[in-house]
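The sequence and structure come first.

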Amino acid sequence: MRPPAYQQLADELRAEITSGRLQPGERLPPEPELCVKIGVSRSTVREALRLLASQHLIVTTRGVTGGSFVAHPDAEQLADGLSTGFALLTHSAAVGLADLLELRRALEVPAAGLAAVRRDESHLVELQGALFDPGIDDLATMLAAHADFHRAIAKATGNPLFELVGRPIYQAAYGEEVIGSLPEGYWTRIDSDHRAILDRLTAQDAEGATRAAANHLDYIARTLR
């Protein structure tokens with residue numbers, strides 16, 4: 001069965017954007033022009049544009065100089081689209097905890113080394129703000145702080161792709177059976193590891209940062225196995 005007309009138009013425009021033929025900031029043809037060019041109604045064009053806007057691919061403004069423009073890439077917004085598929089996979093039988101930890105190692109260890117070389121003072125402030133007191137005994141706060149810390153490292157690499165790929169990982173929650181079986185002292189060790197990584201980033205010690213990140217993930221893997 002053929003997809004609805006608005007979906008076909010959205011697919012065509014998406015291909016133009018993702019291929020680079022339409023660049024960030026470039027204006028899409030006006031709605032009347034799209035109607036004539038594609039041979040569809042104005043309501044169909046508007047529905048296609050609404051769909052693209054919901055996917056953070058375009059932004060639409062009103063007024064004399066308004067129109068629909070290709071959005072400038074934003075890692076946080078684009079990661080939202082990845083998060084749904086990532087969550088479905090991590091809660092299915094196809095992907096297990098070992099797979100998640102394997103992916104984290106592939107990303108976080110080199111990211112720590114890059115962040116050590118490329119970080120600036122604002123990144124260090126953000127990382128410092130993501131530290132937590134393991135004595136507060138507030139699981140939700142510690143989980144959120146753990147995610148914020150690793151997102152900040154991805155940001156400090158200066159490579160938006162680390163942010164884009166890493167963000168959905170830290171939005172994925174471990175299952176209740178894992179959270180419920182964490183040993184005593186787990187969060188104290190996580191806090192200690194984070195501080196060790198931050199210390200190496202502050203010193204701009206890339207080798208030490210990668211070693212600290214690897215040790216951190218080794219501990220998590222041993223504990224959650």
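## Terms and model

In the residue classes used here, Ala, Val, Leu, Ile, Met, Phe, Trp, Tyr, Cys and Pro count as nonpolar, Asp, Glu, Lys and Arg as charged, and the others, Gly among them, as polar. By these classes, the lining of the second largest cavity has four nonpolar, two polar and one charged residues.

The model is predicted: local features need pLDDT of at least 70 and side-chain atom pairs count only at pLDDT 80 or more, while totals for chains, interfaces and linings use all residues. Residues are numbered from 1 along each chain as its sequence is written, and side-chain values use heavy atoms, with hydrogens and water left out.

## Cavities

Cavities and pockets are found on a 1 Å grid over the protein atoms alone: a cavity is a set of points where a 1.4 Å probe fits but cannot get out, a pocket is an open set with protein on both sides within 12 Å along at least five of seven lines, and lining residues have an atom within 4 Å of a point. Grid points are joined across faces, edges and corners, and a volume is the space filled by probe spheres set on the points. Helices (H or I, at least four residues) and strands (E, at least two) are DSSP runs numbered from the N terminus.

The whole structure holds two cavities of 30 Å³ or more. The largest has about 50 Å³ of space and is lined by Leu107, Glu108, Ala111, His150, Ile153, Ala154, Phe162, Gly166 and Tyr170. Two or more of these lining residues come from each of α5 (97-118), α7 (139-156) and α8 (160-171). Six are nonpolar, two polar and one charged.

The second largest cavity has about 40 Å³ of space. Its lining consists of Glu108, Ala112, His150, Ile153, Ile197, Ala213 and His216, with α5, α7 and α11 (206-224) each giving two or more residues.

## Largest pocket

The largest pocket has about 320 Å³ of space. It is lined by 17 residues, of which Glu31, Leu49, Thr60, Arg62 and Ser68 are the closest to its centre. Elements giving two or more residues are α2 (31-38), α3 (42-54), β1 (58-61) and β2 (67-70); α3 gives the most, with four. The lining divides into six nonpolar, six polar and five charged residues.

## Helix packing

Axes are lines fitted to C-alpha atoms, for helices over the stretch in contact, and angles run from 0 to 180 degrees between N-to-C directions. Angles under 35 degrees count as roughly parallel, over 145 as roughly antiparallel, 65 to 115 as roughly perpendicular and the rest as oblique. Contact means heavy atoms within 4.5 Å.

The axes of α5 and α7 come within 7 Å and cross at roughly 60°, so the two helices are oblique to each other. Arg104, Glu108, Ala111, Ala112, Ala115 and Arg118 in α5 are in contact with His146, His150, Ile153 and Ala156 in α7. This contact has five nonpolar, two polar and three charged residues.

Helix α6 (residues 121-129) packs on α7 at about 170°, with the axes 9 Å apart, which makes α6 roughly antiparallel to α7. His123, Glu126 and Leu127 of α6 meet Phe149, Ala152, Ile153, Lys155 and Ala156 of α7. Helix α10 (residues 186-202) and α11 pack at about 165°, with axes 8 Å apart, and are therefore roughly antiparallel.
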